[in-house]
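The following exercises are to be worked through with the sequence and the model in view. Each task is followed by a solution in steps.

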Amino acid sequence: MGTLSSPFVKEKQKMMLRPLLIKGQIAYQLTTQLEDKAAHQNYFTQEALKYLREMIPHFRQTFLYTASADYHILVSKKKHLTILKKPPTKSSLSLSHNRSKNYLLEEGVPISFLIELGIMNQQGKIYPQKQDKFRQINRFLEMVNDIICHFNPSLPIHIVDFGCGKAYLTFSLFYFLKVCKGYFVQMHGVDLKKDVIEFCNQLAHKLGYAEHLKFNVGDVNHFNIHQPVDFVISLHACDTATDAALEKAVRWGAKVILSVPCCQHELFRQVKNEALDPLLKHGILKERFAALATDAARVQLLEALGYQTQIIEFIDVEHTPKNLLIRAIKQTYSTQSQQVLEKYRIFKEMLNIIPSLEQRFQKELFGETSG
């Protein structure tokens, strides 16, 4: 694997070399970058070495990466070569002709729900315009894969997904846990849009999932289920709807909570601190700060309520930035809830805030009723 850069002749801008496997033989693909165009040519080993020897003198520097060492080759104007040898930085090199990420759901393997949702074709190829969605699904499943150790594989997992929308991630999670991992799953998707819920129920029936995957029209504040809930998901629930979902999860005693908040306006109207005036006097900065303060308050309160929390970056396909995902795992016991709560008190008094989640748990946290 290597890169040739800084050419002496401007027409040749950059060249890259990587190994690949063609019909069982190791070969090398040479990519020549010319302005905004790239040309590819494959060479077997001896041809590649010969061509490389010919081309290196035409570039001021070349980086070659091998399993045993890295080489940095410098070429002077008089064509004098200096070779610097360094410890290897590439422990392994992919020999795949079409390199792909190590996804939990693989491209090239037809998956029925992804075909029905228009993400891949019948041969398992991801449509170009759906690559971001496919990447988001796999990122989400990676996060789930990290926490499934908290569930007993011999017991059913009851899951509620608030604000499921068209249910790309709902179907993905059901498929991953039931088909890929072999768990017994009972799952409910909840959304306000009746037409979306009808579509999801029809698709669940078509895929043969309907007995264990059901979709309901409902509001997070009023949705109830008459069975224990182990796992609650809330992705992009707007403003305090996230707090409503977190409250449901905590009161149900859910073992795991995954939540991606959005549209966080509540604390924007509350936060106040004269010492922070240089920050808070600017609307856009105040908005971002208030959103971060909202999530900080939420995770601190969840910890006081007996959860171990973590905030992770999550890909938002709709608007392309990375959102924050709150991951909370219920603890068997907690000996530090009072210390956690005291830190929360200091934090909220400094910012003059009373978040929705605090108000929902006034009695449990402070022995008080909300007024």
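**Exercise 1.** Determine whether His236 is buried, partly exposed or exposed, and state where it lies and what its phi is.

*Solution.* Step 1: the relative accessible area of His236 is 29%, which makes the residue partly exposed; buried means under 20% relative accessible area, exposed over 50%, and partly exposed in between, with a 1.4 Å probe and protein chains only. Step 2: His236 belongs to strand β11, residues 231–238; strands (E, at least two residues) and helices (H or I, at least four) are DSSP runs, numbered from the N terminus. Step 3: the phi of His236 is near 65 degrees, a positive value in a residue other than glycine. Most residues other than glycine have a negative phi.

The model is predicted, so local features need pLDDT of at least 70 and side-chain atom pairs count only at pLDDT 80 or more, whereas totals for chains, interfaces and linings use all residues. Residues are numbered from 1 along each chain as its sequence is written, and side-chain values use heavy atoms, leaving out hydrogens and water.

**Exercise 2.** Describe the surroundings of Gln264.

*Solution.* Step 1: Gln264 is in the loop between β12 and α7. Step 2: with 12% relative accessibility, Gln264 counts as buried. Step 3: leaving aside neighbours within four places in sequence, Gln264 is in contact (heavy atoms within 4.5 Å) with Asp239, Ala291, Thr294, Asp295 and Arg298. Step 4: Gln264 and Ala290 are 26 residues apart along the chain, and their C-alpha atoms are separated by 7.6 Å. Step 5: between Ala241 and Gln264 there are 23 residues in sequence and 9.8 Å in space, C-alpha to C-alpha. Ala241 is in helix α6, residues 241–252, and counts as partly exposed at 22% relative accessibility.

**Exercise 3.** Identify which strands are joined to β5 by bridges, and in which sense they run.

*Solution.* Step 1: strand β1 (residues 2–7) runs antiparallel to β5 (residues 59–65), joined by five bridges; Pro7 has Phe59 in β5 as its bridge partner. Step 2: strand β6 (residues 70–75) also runs antiparallel to β5, with five bridges; Thr62 stands opposite Ile73 in β6. Step 3: a hairpin through four residues joins β5 to β6.

**Exercise 4.** Classify the packing of α8 with α9.

*Solution.* Step 1: the axes of α8 (residues 283–304) and α9 (residues 337–351) come within 8 Å and cross at roughly 155 degrees. Axes are lines fitted to C-alpha atoms, for helices over the stretch in contact, and angles run from 0 to 180 degrees between N-to-C directions. Step 2: α8 is therefore roughly antiparallel to α9; angles under 35 degrees count as roughly parallel, over 145 as roughly antiparallel, 65 to 115 as roughly perpendicular and the rest as oblique. Step 3: residues of α8 in the contact include Phe289, Ala293 and Leu301, and those of α9 include Val340, Tyr344 and Phe347.

**Exercise 5.** Classify the packing of α3 with α4.

*Solution.* Step 1: helices α3 (residues 131–147) and α4 (residues 168–180) pack at about 50 degrees, with their axes 10 Å apart. Step 2: α3 is therefore oblique to α4.

Note on methods:
Two strands pair if DSSP finds at least two bridges between them.
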